[in-house]
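Open the model in your viewer and keep the sequence panel beside it. The tour moves from one selection to the next.

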Amino acid sequence: MTRKVADCRKTPSVMNCTLTITGEEEEVVRAAAEHAASVHGHEDTPALRAAVRAELEDEKVPA
């Protein structure tokens, strides 16, 4: 299974957050949504989790 990456740097914010979360898709969606709620003040909703999921990228592993 390909690991997924959520990179906070790709979402502009006033705090210039640099957090990157890597893992299996469901782990990353959960952790990124919790981070968005606790640090950035978003409400952890199904819509937020869908937006997080849509922005995930595959982890790039050096060959």
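Start by selecting Arg9 and Asp7, which form a salt bridge with closest N and O atoms 2.6 Å apart; the term means a side-chain nitrogen of Lys or Arg within 4 Å of a carboxyl oxygen of Asp or Glu. Arg9 is exposed, at 55% relative accessible area, while Asp7 is buried, at 16%. The cut-offs are under 20% relative accessible area for buried and over 50% for exposed, with partly exposed in between (1.4 Å probe, protein chains only).

This is a predicted model, in which local features need pLDDT of at least 70 and side-chain atom pairs count only at pLDDT 80 or more, while totals for chains, interfaces and linings use all residues. Residues are numbered from 1 along each chain as its sequence is written, and side-chain values use heavy atoms, with hydrogens and water left out.

Next, select Glu25 and Arg53, whose side chains meet in a salt bridge at 2.7 Å, N to O. Glu25 lies in helix H1 and Arg53 in helix H2, so this pair ties together parts 28 residues apart in sequence. Helices (H or I, at least four residues) and strands (E, at least two) are DSSP runs, numbered from the N terminus. Both partners are partly exposed: Glu25 at 28% relative accessibility and Arg53 at 33%. Then pick Lys10, Glu57 and Lys60, which salt bridges with shared partners join into one network.

Move to Lys4 and Asp58, where the side chains form a salt bridge of 2.5 Å, N to O. Lys4 is in strand S1 and Asp58 in strand S3 (residues 57-58), so the pair links parts of the chain 54 residues apart. Lys4 counts as buried at 18% relative accessibility, and Asp58 as partly exposed at 39%. In total the structure holds eight salt bridges.

Last, show the largest pocket, with a volume of about 480 Å³. On a 1 Å grid over the protein atoms alone, a pocket is an open set of points where a 1.4 Å probe fits, with protein on both sides within 12 Å along at least five of seven lines; lining residues have an atom within 4 Å of a point. Grid points are joined across faces, edges and corners, and the volume is the space filled by probe spheres set on them.

Which residues lie nearest the centre of this pocket? Select Asp7, Cys8, Thr11, Ala36 and Val52, out of 21 lining residues. Strand S1 (4-7), helix H1 (25-40) and helix H2 (46-55) each supply at least two residues of the lining.
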